[in-house]
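Welcome, and please open the structure in your viewer. We will walk through it one selection at a time.

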Amino acid sequence: MSKLLKSLAVTTICAVQALGSGLKVTPLEPASARAATLFQSRSPEQTGVNFINPIDDNHELKRLYISGFAAGGVSLGDLDQDGLLDVVLTAGARASKIFRQVSPWKFEEVSWDSKLGELWSSGAAILDIDNDGDLDIYLCNYDTANSLYINVTKPGGTIQFEERAKEWGLDIADASLNPSFADYDGDGDLDVFILTSEFKRANGRPKELPVNGKNTANPTLKPGFEKYYTLTKHGPGNYVYYNAGRENILLQSQVAQGKKTFTNVSKEAGIKERTFGLSCTWYDHDNDGDLDLYVCNDFTDPDQLYLNLGNGTFKDVIKLAAPYTSWYSMGSDAADLDGDGRFDLVIADMGMTSHYKSKTTMGDMSIHKDFLDTAIPRQTMRNTCLLNTGTGRFNEVGYLAGLANTDWTWAVKCQDFDCDTLTDVFFANGMARRTNDSDRPMPLEFMFGNTEYDFFKTSDTREEDNLVFRNKGDLKFEDMSEEWGIKDPTMSYSAATGDIDNDGDPDLLVAHLDRAVSFYENTSGPERKRISVSLKGSRSNSHAVGGLVKVTSGGKTQSKMISPMTGYISCNEPVLHFGLGEHEKIEKMVIEWPAGGIETFTDLKAGFHYTVTEEEEPKEVRKRVKPKPEFVKVKLLKQSRHRELPFDDYFEQPLLPWKQSQMGPGIAWADIDGDGDEDCLLAQAEGSASILSIQKPDRRLESNPSSVFSSHSKSEDMAPLFFDADRDGRPDLLITSGSIEHPNGDPAYRDRIHLGSGEKGEFSQAYFLPGEPMSSSVAAAADFDQDGDLDLFIGGRIVPGRWPTSPGSRLYLNESEPGTLRFKLASEEQAGALKACQRATSALWSDIDRDGWMDLLVTHEYGPIRVFLNKEGKLQDLTAETGMEKLKGMWYGIAGRDLDGDGDIDYVASNFGKNTTYKASEKKPELLYYGDLDGTGGFRVVEAKFGDDCQLPRRGLSCSSNAMPSIKKNLGTYKKFAISSLSDIYTPKRLETSGKLEMTELRSMVFYNESSKGKVSFRAVALPRMAQLAPGFGVVLTELNGDSQPDLVIAQNFFSPQREVGRMSGSSGASILSAQKDGTFEVHDTYNTGVILTGDTKGVTVNEFNGDGIPDLSFTVNNGSVSTFLNTSRKKFVGVRIKGKEGNLRAVGATLTFSTKNGTTQTIEVTGGGSYLSQSGNTKFFGLGDDVSGQLSVVWPDGKKFVLNNVKQGLVDLMWN
């Protein structure tokens, strides 16, 4: 017996004596010193394993090299139970083999099945299939019966197996790619999901149509072709046959007449679609104790998320769960990436890591136009990182995490490789041939009578570097491929992890094409503490597959599940590894067994392997805790749907980065019928009339149809705003008109005012504001000139057909008298500075410097937040002086409130976020050129980015040359385009003479007001990373939880980007944050908020819907329904309802300060619209915290002050008189 095995035996006996029969403890082997790189490659001479999967052009199945079957898999397990991991390596063109580890890092081949040389094999599972305690092997084969090898090895003897696939009902003959075992029905033994892919026909597509009855109403495929193709109907009498994947197979383990067998229950369980499967992962998506299944599918087939319903059936919920998925979904793995105890998913695709690779592999995307525009969920051309929110809905954080692009990736492995407590991610890359070389596409006619490999076999191989990313925390991953010794150009497909040398850290095996399998020893070093954990089931399956282990050390909890078959045609060791960083002690280890029992162990030490045997009678069982959300969705508006008509934004401007016709809707709230509750106006897109809804006594809002609005259905209504325009004491309605559906200057773009009657919610015909019609966006009202009425800022958005040019913005002075409505454009002296307001998106009137004059902040698309100081009725642009000029972004929304308790108003502005393809900085901004860029006189836009030493185009050759044909004529090939700089393509002269815009900052930010007398200044601080998951639009600052600290809500997601980029909808639709006492913000977990919006969320408002004095929320959704959420908080709030004077019904410009005995002060400013096309209700909210009352101080718009003492919980009506 080796020294290692003697150590194992002795310490196990000691452990039983010390810790009881349920927990055995074995010291890990001493960790070797950290080497120059984390991973040290072990050569075939060192390991004794020189196993190669070759590219054999003489093999009769060589056509499989252009498929998921190209290379064999790798699996790890202790087959002879000697304490050392053994290796199973599968092959296509050669025989699969077993290598037994005889001493650390030394292996010898074991005789296996001589028939394997005749099979093309793929994935192999090493698990205890017969539940007798040792590990068996189940092997998937292409178009041949799968193989089951039951382990009959005797203690201390040679590894031996008996093939029993037919006897056990596992002799499935299909395009079987990978088996994945799990106890999905909770009966204590393992069932299996067999992932299938596709059959590759030997001679490619038939030269003759393989259809019977082609001219009949119901044609069918000819016999023998069903396995390759499917017939799809495209209208009456029009059928097309397509390549088709295979149906996946779910086999349930059953016992019949005392004999174990597997039965195909796929259709009964709800698994029946034909797809091109490439990987699958079992994990508990909804935390109900049942294992769910994520299936990755290639090409246009949607991924599937099979939710286990607990009754033997599954429901595919991918459309509800994922905002979008990878397009060519390949390998996958599940792990807790962010430390919240929930299992997230990393899905691999083929997103390229360099400009050159991207531009040479992105062909003509227009051929996929219909699919990319209609797939549900949408599919995107890169990796996706699906963050489990615990609500059933994923957030997607691939770009934020830095994991979006890893080249042509097959396997994904999530492990804490450096033992620092955080899960890292490895990607295996490469491809047998360069099949996505856009300069060498396969002609359609070649497919008939030939295979894909016949065409590509003369192409170059695609060797790619394997990549590994270190988790730095806060969803930040850093490429450590070179530093950790992994970067090596190969054609790598499969990878497996396991502790080959028993020192507690995960080692790595990688299988390639045309190269020996790589063995990587992990040398994380003795400084990094670790443990490993094995589970032995009694009520559960023997290795507790599906079991969950939670380890807490240093106050931090890690959660891992025994689910060995992850990645891509691979199987990991069924042992869990926990890196502990510098911590020597485990405060707690909790085991959640697949059978439902829970066991807890405390005060454990690092440096050991823990083997836990399941209790026969558990003392504790798992209980599912249902969340108590902070908000509950209710339907209050009966007519609340915004409707967009189809419009092709790209007809005139084919290189637009996103649509400009889908930027609404707006919403506004006010008591328009004088009954004391709030009604609303939902702005509608072109083709529909804006909807006025009146609140009834039961709190529901019913629409009030009016020809006043239907007569303007040609307009795309953007920002509604209620205010007393004509100083008669009744709310009137302003509506701006925008978008690009009409030519520039069309009357449909006129902004208009409807006068309110104050009775039954009726409004007059339109009064059109003076000035040429322009495509507008935001409207904000304030008493700019201190004459007692409200003046108007209206933001100009776009010149139709010539984005990003803009008509500028306008200031209208209110010169109305009671009964007479009159507005005029402010003079050049008063508002000439507003010419700089190009592409305005939102605005806020606010007294920045507290001099009594309302100043103006305006957000912009592709620009800064502009700051205009009101110098006694003249606007002065201080954008440059305040440093805001440097922060050019995609600013869409803005809101104000005192965030740091100093009494002045601070601001929050929403931006594009950090989870998109765009990466902007002051040194390397995102660029946009516009004008005549090809010398034809046409107006074009070109997006650009910075490479290492030059500017590069963002768009590819195909779409660029479709817009400007001279590009293809001048450059010719995708390769030439890929190596060309921006100036090579468009010439320096044309770039110099064109317009140019920049983005330098993409994070949504807080702007703390640090202005002093005579000087305006701000301190800009980015919001937390988890608030940057998607572009933000509407934003409100209020009090939501009653703790007397401000809260923040940002409406997020963006469905309009062009199809190459895809939807930017990684968020759950809204971020809710709470300010801390130090002024920073903390993001609420979506699991706790209950606010989930799956649409293109745009606006957000704060309202008091149900008379409880607690703030509620409403959100608008482009081409969707308004969503309203009631606040479930039982905390103490003060809601202040203000009644102003004629001409200023809400007392816009007033400042309210609420002070409590605990020393907190809350200050807000009453505003007239702003944010993103949204006007909240008239109630302003303060939290009482632990106090029962407070003092309310008011500074009215005319400078007069008022104080109200002993203000208690509830609604307070305040009148300005």
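Predicted model: local features only at pLDDT ≥ 70, side-chain atom pairs only at ≥ 80, totals over all residues.

**Stop 1: the domains.** Start by colouring the domains. The domain assignment gives domain 1 as 27–198 + 245–570, domain 2 as 632–918 + 1000–1195, and domain 3 as 926–999.

**Stop 2: domain 1 and domain 3.** Now show just these two. Their centres, taken over C-alpha atoms, are 41 Å apart. Domain 1 brings 10 residues to the contact and domain 3 brings 14 residues. Together the two domains bury about 960 Å², with 58% of that on carbon and sulfur atoms.

Stop 3: Which three residues supply 58% of the area that domain 1 buries against domain 3? Select His355, Lys359 and Asp439: they give more of this area than any other three residues. By class, the side of domain 1 that touches domain 3 holds three nonpolar, four polar and three charged residues.

**Stop 4: polar links.** How many salt bridges cross the interface of domain 1 and domain 3? The count is zero. Polar contacts do occur there, with four residue pairs between domain 1 and domain 3.

**Stop 5: a sheet.** Switch to a cartoon view and look for an open sheet of five strands, in the order β6-β5-β4-β3-β43, with mixed pairing. Its edge strands are β6 (106–110) and β43 (570–571), each pairing on one side only.

**Stop 6: β5 and β6.** Finally, select strand β5 (residues 97–103), which runs antiparallel to β6 and is joined to it by five bridges.

Key. Residues numbered from 1 in each chain as written. Heavy atoms only, no water. Domains from an automatic or database assignment. Contact = heavy atoms within 4.5 Å. Buried area = accessible area lost by both parts, 1.4 Å probe. Salt bridge = Lys/Arg side-chain N within 4 Å of Asp/Glu carboxyl O. Polar contact = N/O pair within 3.5 Å; in protein donor to acceptor, adjacent residues only side chain to side chain. Nonpolar A, V, L, I, M, F, W, Y, C, P; charged D, E, K, R; others polar. Pairing = 2+ DSSP bridges. Helix = DSSP H or I, 4+ residues; strand = E, 2+ residues; numbered from the N terminus.
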